[in-house]
Amino acid sequence: MQLMRDTMKIQLFLLLLASLRGTYAINFTDCFINFRNNASLTLNPSGLVDANGGNITNTSSEISQAVGFTYDTCLSKCGPGTQKPTWANTSQQFSAWLLPYLALISQLPFGARHRVDNLMSAILTVGSPVLAGYSMILTILNARWISRRFENVSFPNARHAARILISLQQTPLKITNEDSLLSSLIVLPENDDWWPTIADFLDYTLTWSIASATSIAWVTVAYLLTVVSSLSDVDANINSNGQGAGSVWLWLIPIVIGWLQLSPKCDYVRIKRAMDNADAMAFVATHHGVVKASDLSERRAISIDSTLEHPSSPDENSTPPVYNYARAIPWSRSAEDVFDAFRMASDNSRMHRPVRVGDMWKNAGGRNVIEPSNRSGNPSEVNAYCRLPRYPAPRYGRRNPWASGIFFRMFVASLLPIALQWATTGAAVLVVYFTPAVGLGCRSLGYIIYGALATVVWAMLVASSIISHYTYSYSGRSSWSPFFSITMRLAKVLSNLLRWGGKFLATVNAVWVVTASMLQFSDVYDNCYCNSSVLGRGVQQAYGIVVFDNLDLGLTETAWWGALALACSTSLGFIFLMSLLTDRVPT
């Protein structure tokens, strides 16, 4: 029985191969020339068209000048099959247009604890360049925002605090003042070694290397050389030309360069080791004096450990920076909590108010320095000095769960990535749209689908991050009406569905953009339906161009130059703006 099933499977496989071989059995050039020769003999030009799709008169000279035929004629004379591919051309197009980009993916920043998260980060980047660019620019904007907030804070370790917060944007940052942990970390002079130590531990760069520079140079040179080659001989392999595929992938160069310029701290093992080493130096105020924080509990004022408390979204735990879309909102809220505590302590010190109630401000020698004796007190006093409640966990209670200006920064961070996505996608569409027969066809629709799905993935995942943070912010409250409790549960379900759906679409889209390129390289699109641009022209007006010799391809060449200018200028503009923004991010 098993042998029979295996035999049937083999037979079905052979039948499938035979059917696939049959679909590749058409040579459209021979088919068209035979049809045109017969039309010349019979002086019946019905179905033949000129370069603009116009009808041919019934004269032998006019018939011999025909370069294509209508969609109905192509279908009836040549059949619905596909052009037999030239594997030498397929491999050449693949190695010239697509392979360099696939190799460049390895230069994206990873660093997750689990390999599946690194794989998913690559899929999310390819499946939604909008999301990758959004996470990158939002990371920069958040860094500049918190840096500016700390500029006017004149309290010990404030500058180190800004550096630490910026470095921890790729981690599930958690802030708590349970047992006066945060206020003690900020106020007590015993913690003056903690801040510079952890800031130095996190001060490492993951920037340009020979491998990354070589990969970027390879992709850039390969793209320029192949573009020049295709523009110098437009009609060569015009239906399988890879300039559209090269343009639709061009976003990868500025994304990789941007992350290399930003140098995100995304190596979880290294960051965790730095936090653990510094935490041994943290002290906390108690009613019995200053003790080590490790003597009280496992909790820390500033932590990236998500085992004690689950994050608002599972994606917060994944350190590859493409997941910053999920961390940006809770990170901003936590960073602003730290800033508010530093600001209150700074305001009190400027008023020369010591921490311990009843003490006089000490200023030895009249120096503008905060003496350590002014920064000591019991838990209630250090909490009051920073105006921090002893909340057991980062629940926001009646406070605003959204950091100041977060939605404006999210809006600004969306603009340039959307422009980059649709400039490169639009360039690919221009290349194939203006390739005869001009109009919307299979190739251009494939690129439009890729751009649309990439944008939808970004929208779904960003919406998921907003909803998950909202539900998480209020989950600590115990007194809710039944209606509000049900609403919160439904919102959490919606957040999960958006996250799962976004990742699924990103996976489909990543596979699709590779598949669409290979379909074009292997001449799968080279059939009557796709070559006739039926999608845009309709069945009655559709026609296909078969013979490109001596054909005026001025419009096509102009469109290809325009597509090149659009994709390259936008990519260069993205890199230039990233250089300006990262130059103002403090280190």
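Two residues are said to be in contact when they have heavy atoms within 4.5 Å. This briefing applies that term to a predicted model of a protein chain with 22 helices and seven strands. Under this definition, S404 touches W145, R149, E336 and R409, not counting residues up to four places away in sequence.

**The chain as a whole**
- The protein chain comprises 587 residues, and buried residues make up 54% of them.
- Among the contacts in the protein chain with a separation of 6 or more, 82% are between residues 24 or more positions apart.

- S404 is situated in the loop between α16 (379-386) and α17 (406-433).
- Is S404 buried, exposed or partly exposed? Its relative accessible area is 32%, and S404 is therefore partly exposed, since that class lies between the limits of 20% and 50%.
- One of the residues that S404 touches is E336, from which S404 is separated by 68 residues in sequence.
- In space, the C-alpha atoms of S404 and E336 are 8.1 Å apart.
- The side chains of S404 and E336 are joined by a polar contact of 2.6 Å.

**The sheet of three strands**
- Strands in the order β1-β2-β7 form an open sheet with antiparallel pairing.
- β1 (48-49) and β7 (543-545) are the edge strands; each has a single partner strand, so one side of each lacks a neighbour in the sheet.
- In general, the strands of a sheet pair through backbone hydrogen bonds, in either a parallel or an antiparallel manner.
- Strand β2, formed by residues 68-70, pairs with β7 in the antiparallel sense over three bridges.
- Within this region, F69 stands opposite G544 in β7.
- Helix α4 packs on the sheet and touches β2 and β7; the direction of α4 makes about 100° with that of β2.

**T73 in helix α4**
- Which helix contains T73? T73 belongs to α4, which covers residues 71-78.
- The relative accessible area of T73 is 10%, so T73 is buried, the limit for this class being under 20%.
- Not counting residues up to four places away in sequence, T73 touches F35, G47 and C78.

How values were computed. Residues are numbered from 1 along each chain as its sequence is written. This is a predicted model: local features need pLDDT of at least 70, side-chain atom pairs count only at pLDDT 80 or more; totals for chains, interfaces and linings use all residues. Side-chain values use heavy atoms; hydrogens and water are left out. Helices (H or I, at least four residues) and strands (E, at least two) are DSSP runs, numbered from the N terminus. Buried means under 20% relative accessible area, exposed over 50%, partly exposed in between (1.4 Å probe, protein chains only). A polar contact is a pair of N or O atoms within 3.5 Å; within protein, one must be able to donate a hydrogen and the other to accept it, and residues adjacent in sequence count only if both atoms are side-chain atoms. Two strands pair if DSSP finds at least two bridges between them. Axes are lines fitted to C-alpha atoms, for helices over the stretch in contact, and angles run from 0 to 180 degrees between N-to-C directions.
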